[in-house]
Amino acid sequence: MPTDAHQAAPAPLDAVRRGEVLADVAALRDSFEAGTTRPLEARLAQLDALARGLRAERPRLLKALEQDLGKSRTESLLTELGVVGQEIAHLRRNLRSWLRPRSFGPGMLLAPASGQIRREPLGTTLIISPWNYPVNLALAPLIGAIAGGNTALLKPSEVAPATSAALAHLVRAHLDPAWVRVVEGAVPETTLLLEQRFDLIFYTGNGAVGRIVARAAAEHLTPTVLELGGKSPVFVDEGTDLAATARRIVWGKFTNAGQTCVAPDHLMAAPATIDRLVPHLRQATTALYGRDPRRSRDYGRMVNERHFDRVLALIDDDKTVLGGTAGADRETRYLPPTIMTGVDWNDPVMGEEIFGPVLPLLAVAGPDEAIARIRAGEKPLTAYVFSPRPEIEERFAEETSSGSLALGHTLAHLGSQTMPFGGVGGSGTGAYHGRASLEAFTHAKPVVRKPLRPDTLRLVTPPYTTWKRGLLGRLFR
Ligand code: NAD
């Protein structure tokens, strides 16, 4: 997806604003150094506070999501507040056991010795979040930061301004400022933040800004988790149940008006399968959003006019079999669910991540070509396969690389707390959700204890006499 990053050099912040931002970073660093965020009980209490805040601010958050993205209450509860609530409950339930040091045997060379892996907090973390699931993608990483015993500075997306304000209110009203602070703002604020030293930067958004984040992090050798996007493909095999397949694809594509990082970007199938699939896709769209999706309470809007114009320009009306530009309305940022056939790999719609409600169908000879097409592009965030043949599913699992592979469904895997979620290569680095969130926001530190006597290490220290050489020779044979 083309970046929202404003390419011109950002105007610097004035001295007052700069001072405020730097004071927030300093306060979080001080409280981490003071040990405020380390005790398990304190972490659980802060997670409870977040859960309470989420409940108390529900009306404000739902309203903001409606304002920014035209999200229905039910969709917001399902894909934003609900997922976050479950994530808190899951970490809360398991944190004590996940933080228990894990014993390991350090190996023959060190014997006798004992070892433990401890999960230690990283320090002060920066979370930069995007606009498309602005509550979920800000708070889900924050849960990991708190559970890991870190302080966190949250920078919500300015592209969803109402939600950014609602998140700032939630944090200020319900969380301890010694743990979490919010800096609202755009490129100037983020640029200033990126100049500071953090102990982890967790960024979700497009790859162009991901590169800016990674470059800034390198200056301080700060580790990064990069949750990026890309063109997530779907392959529909012959012989699959097309009615059920169409419902799942349509839901995955048109939820949030296609503005989902793991939305099916484009669909590949044999020409005969495409012909049979199109009526099912049409039917499924009507079943979900009615004859006029503009009137559906459950169909969202493009986040702003820039994104509306960008996606509108990708639609070729000569190729549409559903939707198209005629029904689009810039004023309300409404783009109808649109499906295009006869699309060529060189068409504009196949240039970048679509990130809107447009589904191009591309003819391929069969699974071999689909696999080759996936392998030729950037590694996607998710690949989707609908096939009645287990051996074909297995081939996609073995022969393609993607953040995740979903067989027989779309999108729903994102809400799982027992599965790490993240990209690979062009779609990102690192993963989170559930236990993976704790792992992302902590360092696994081996602590190795060896008694001073018996002094077995004398066997490996010089002078290397004949018998030591013999012993070491046998050990490292
Ligand atoms: P966005 O425009 O809100 O940008 C993300 C963040 O980067 C914002 O907080 C913004 O302030 C900041 N930013 C923008 N320009 C910057 C700059 N020049 N320097 C520093 N910071 C800057 O969101 P977006 O990038 O449009 O989000 C959509 C993209 O994110 C899509 O590609 C989508 O696939 C991807 N995405 C990935 C995931 C995931 O979990 N992997 C989730 C959602 C979205």
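Mentor: The ligand lies between domain 1 (5-228 + 429-444) and domain 2 (233-417), because both give residues to the shell around it. The domain bounds come from an automatic or database domain assignment. This is a predicted model, in which local features need pLDDT of at least 70, side-chain atom pairs count only at pLDDT 80 or more, and totals for chains, interfaces and linings use all residues. Residues are numbered from 1 along each chain as its sequence is written, and side-chain values use heavy atoms, with hydrogens and water left out.

Trainee: Which residues come nearest to the ligand?

Mentor: Ser157, Glu158, Asn206, Leu228 and Glu353 do, out of 31 residues around the ligand; a residue counts as near if one of its heavy atoms lies within 4 Å.

Trainee: How far is the polar side-chain atom of serine 157 from an oxygen atom of the ligand?

Mentor: The distance is 2.5 Å. A side-chain N or O atom of asparagine 206 is also 2.5 Å from a ligand oxygen.

Trainee: How much of the ligand's accessible area does the protein cover?

Mentor: The protein covers 98% of the 850 Å² that the ligand has on its own (Shrake-Rupley method, 1.4 Å probe).

Trainee: Changing topic, is glutamate 189 buried or exposed?

Mentor: Glutamate 189 is buried, with a relative accessible area of 11% (buried means under 20%, with a 1.4 Å probe and protein chains only).

Trainee: What does its side chain join in a polar contact?

Mentor: The side chain of glutamate 189 joins that of arginine 17 at 3.4 Å. Within protein, a polar contact is a pair of N or O atoms within 3.5 Å, one able to donate a hydrogen and the other to accept it; residues adjacent in sequence count only if both atoms are side-chain atoms.

Conventions. Buried means under 20% relative accessible area, exposed over 50%, partly exposed in between (1.4 Å probe, protein chains only).
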